[in-house]
Amino acid sequence: MKIFCVGRNYVNHAKELNNPIPEKPVIFLKPDTAILKSPQPFYYPDFSKDIHYEVELVVKISKQGKHIQEKFAHKYYEEISLGIDFTARDIQKEQKDKGLPWEIGKAFDHSAVIGTFQKVNFEQKHISFRLEKNNTIVQNGNSVDMLFSIDKIISYISQIFTLRVGDLIYTGTPEGVGPIAIDDRLEGFLNDDKVLSTEIK
Ligand code: ZN
């Protein structure tokens with residue numbers, strides 16, 4: 001199983017990290033050992049002092065595909081959820097500054113929290129979601145604000161990688177990312193349904 005992640009897919013988030021607006025989706029991967037199933041706790045790792053949350057819509061691939069045209073991309077997923085792309089911002093910054101790969105800051109164990117999946121309602125044009133930290137909203141997102149839609153992302157990735165059943169795509173985070181601390185509780189809501197929670201230990 002592969003975990004794809006899209007970086008800088010919301011203009012306001014790219015701006016808050018002083019990143020340019022990309023012309024093509026920015027793609028990186030995490031290994032399957034990154035998965036942490038909600039509501040399991042997340043243990044703050046000792047190699048970083050600045051872990052950030054990034055809440056994202058996550059699509060689960062339901063059919064194997066390669067070279068998928070955007071107009072057929074909707075046939076390749078049926079379920080959606082929320083995930084948190086935990087990022088060791090201190091390590092990622094160091095790697096970015098040196099022009100090195102990000103994996104040690106992005107793909108570590110349990111860096112990909114995954115919530116409960118829901119059936120996609122293809123009639124619904126805009127999917128809203130939010131993340132609460134200790135009962136305060138810290139991120140509010142809507143799929144309408146994505147630079148690259150889910151279907152565009154699937155089409156783009158599949159030109160380069162074979163998509164297999166069960167692969168996950170984290171579709172990028174809106175603005176409002178921030179640090180976590182031990183004892184924080186994170187809860188994710190998809191269309192107002194709570195689908196994800198994790199406590200930081
Ligand atoms: Zn992310």
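Let's begin with an open sheet of four strands, ordered β11-β10-β14-β15 and paired antiparallel. The edges belong to β11 (136–142) and β15 (193–199); each has a single partner strand, so one side of each is left without a neighbour in the sheet. Going from one strand to the next, the twist averages 15°. Bear in mind that this is a predicted model.

Inside that sheet, β10 (residues 128–133) and β14 (residues 185–190) run antiparallel and are joined by five bridges. Look for Arg 130 there: Phe 189 in β14 stands opposite this residue.

Now hop over to strand β6, which covers residues 77–85. Is β6 mostly covered or mostly open? Mostly covered, with seven of its nine residues buried.

| Partner of β6 | Bridges | A facing pair |
|---|---|---|
| β5 (residues 55–61) | seven | Glu 56 and Gly 83 |
| β9 (residues 118–119) | two | Ile 80 and Gln 118 |
| β8 (residues 112–114) | three | Ile 84 and Val 113 |

Which residues hold the zinc ion? The protein donors are Glu 54 (OE), Glu 56 (OE) and Asp 85 (OD), and they lie 2.0 to 2.1 Å from the zinc ion. Along the sequence, these donor residues follow the spacing E-x1-E-x28-D. As for how covered they are, Glu 54 and Glu 56 are both buried.

Terms used. Residues numbered from 1 in each chain as written. Predicted model: local features only at pLDDT ≥ 70, side-chain atom pairs only at ≥ 80, totals over all residues. Heavy atoms only, no water. Pairing = 2+ DSSP bridges. Axes fitted to C-alpha atoms, helices over the stretch in contact; angles between N-to-C directions. Donors = N, O, S within 2.8 Å, 3.2 Å for Na, K, Ca; no water. Buried < 20%, exposed > 50% of the residue type's maximum accessible area, 1.4 Å probe, protein only.
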